[in-house]
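Please examine the sequence and the model before reading on.

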Amino acid sequence: MYFLPTTEHPEKKEVSSAILLTEEQTAALLKKKGSVLEDLIAQIVECGDFKGEKDQLIVVHTHGKIKPKHLMLVGLGKQEELSLERIRRASAYTIQKAKAMKLEKYGIIIPFEKMKEQDALKAVVEGIMLGEYKFTKYKTEEKPKPKVKEVTLFVKKMEYVKDIIAETQIVCEATNFVRDLQNENAYIMTTLMIEKIARDIAKEHKLKINVIDEKQLKKIGMNLLLAVGNASRTPPRLIILEYHGAGSEESIAILGKGITFDSGGLNLKPTTKIETMRMDMSGAAIVLGTLKAAAQLKLRKNLIGVIPTAENIIGSGAYKPGDVYISYSGKSVEIGNTDAEGRLILADALAYTEINLKPAKMIDFATLTGAILVTFGEYVAGMMGTDKETMKKLFDAGQQTYERVWELPLYDEYMDETKSDIADVSNLGYWPNAGPIMGAAFLKKFVQKTPWTHIDIAGTAWWDKPRHYTPKNGTGFGVRLMIEYLKNLS
């Protein structure tokens with residue numbers, strides 16, 4: 001899709017156009033004489049067909065002196081409630097309506113009086129790019145709707161506009177890239193496919209890559225990762241990508257759980273819980289999308305992407321409840337439940353990263369617990385850890401991007417509940433209580449001194465239904481959050 005910014009008045013462009021209006025802006029049109037376009041909108045408002053209410057959208061067929069054939073009016077609600085998220089959603093409605101109308105091009109007018117135009121412009125581009133996404137790779141009978149090839153952006157001034165559009169496009173493309181990985185079939189998106197994608201990204205963007213295969217994993221003692229992946233035909237991997245954008249400055253490690261399919265292992269998941277488990281590699285996808293976007297944006301940061309990836313499946317080599325394994329850190333782990341596998345592969349990855357890669361801080365993303373859905377539903381990710389400064393900045397980035405995170409406590413009492421009778425720790429301590437917290441408490445056992453943040457995305461990574469600019473199934477949550485966080489780091 002091509003974005004064409006212009007300061008030209010929309011009346012002079014022969015392109016169907018959308019205008020986003022608050023209730024107050026809509027009402028004000030009745031009280032003043034303006035351009036031909038404003039007078040036409042005033043007539044519509046006077047008839048009661050449009051009030052500027054939140055999520056309201058009508059299409060008007062124009063005539064006479066106005067060149068656009070159609071005018072799309074989209075309501076933003078009350079001015080005092082106007083936010084970037086309202087603008088994203090309204091902009092998403094315009095691209096969805098334009099596709100339904102089979103428009104190859106349309107324009108969108110950005111008339112925000114009490115909001116910084118640069119922020120509003122970014123939100124419009126986000127809403128359009130994210131709202132257009134649909135995973136249709138396997139649709140063979142449904143004819144795809146024609147693509148919108150060009151969107152004209154009517155702005156007041158051109159300063160910074162092209163840079164904002166270019167940057168926003170990169171981040172949104174990376175988000176949609178993550179969505180594609182999440183939605184892909186599990187028999188295609190295997191551990192070896194994740195390795196291939198990582199190698200492709202490394203080659204394209206000149207990143208350093210190191211892939212530790214099953215033989216090396218065994219040699220160095222990553223027994224938790226090996227145990228989880230032992231029954232699969234596709235072997236486990238530890239994938240390490242490095243992006244150096246800031247010279248000799250310290251690195252931030254971003255880790256992502258990469259379970260390509262989670263059957264639950266011998267503690268098999270029941271029907272209604274197992275069908276969507278191709279999404280259990282969402283953390284890995286976020287790492288790939290973030291590194292890809294960071295490299296394209298040339299962020300002045302040093303990043304290490306770490307992906308432990310395995311398939312948790314049933315087979316003759318499946319690891320068993322009650323067994324004890326020695327982790328990479330040297331701690332022994334009792335397997336209380338084979339469906340608590342994500343914390344196992346992350347435990348080995350966190351310990352390896354801290355000991356060998358020595359980052360300044362670690363942030364991990366994982367679809368770790370179904371219990372986080374009970375806490376927050378699909379709207380907020382759970383956040384826990386030892387790095388208060390990073391958690392505060394991630395919270396702020398989440399408020400800006402609407403990829404929201406909320407801190408949960410990691411008190412000493414929870415840490416005590418990870419103890420095992422026969423090993424150092426159990427992967428199912430305190431079950432069934434405090435599920436998300438206990439997942440993080442287990443992980444904390446494998447982090448020594450490095451500041452660390454854990455983000456449980458089991459709710460936000462995968463949605464049961466579409467909402468606004470976010471589709472059903474893979475949401476791509478995490479990339480926009482991380483890029484916003486990284487950009488704001490001093």
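In this predicted model, helix α5 (residues 161-183) packs with helix α15 (residues 479-488) at an angle of about 140°, and their axes lie 9 Å apart. Angles over 145 degrees count as roughly antiparallel and those from 65 to 115 as roughly perpendicular, so α5 is described as oblique to α15.

**The contact between α5 and α15**

- On the α5 side, the contact is made by E167, V171, A174, T175 and V178.
- On the α15 side, the residues in contact are V479, R480, I483 and K487.
- Sorted by class, this contact of α5 with α15 comprises 5 nonpolar, 1 polar and 3 charged residues.
- An α-helix has 3.6 residues a turn, so residues three or four places apart point the same way.

**Burial of α15**

- Helix α15 is mostly covered, with 8 of its 10 residues buried.
- The buried residues of α15 are V479, R480, L481, M482, I483, E484, Y485 and L486.

- Residue G398 is located in helix α12 (residues 388-401).
- G398 counts as buried because its relative accessibility is 0%, and the cut-off for burial is under 20%.
- Leaving aside residues up to four places away in sequence, G398 touches E403, R404 and L481.
- L481 is also one of the buried residues of α15.
- Between G398 and E484 there is a separation of 86 residues in sequence, while their C-alpha atoms are 8.2 Å apart in space.

Note on methods: Residues numbered from 1 in each chain as written. Predicted model: local features only at pLDDT ≥ 70, side-chain atom pairs only at ≥ 80, totals over all residues. Heavy atoms only, no water. Axes fitted to C-alpha atoms, helices over the stretch in contact; angles between N-to-C directions. Helix = DSSP H or I, 4+ residues; strand = E, 2+ residues; numbered from the N terminus. Parallel < 35°, antiparallel > 145°, perpendicular 65-115°, else oblique. Contact = heavy atoms within 4.5 Å. Nonpolar A, V, L, I, M, F, W, Y, C, P; charged D, E, K, R; others polar. Buried < 20%, exposed > 50% of the residue type's maximum accessible area, 1.4 Å probe, protein only.
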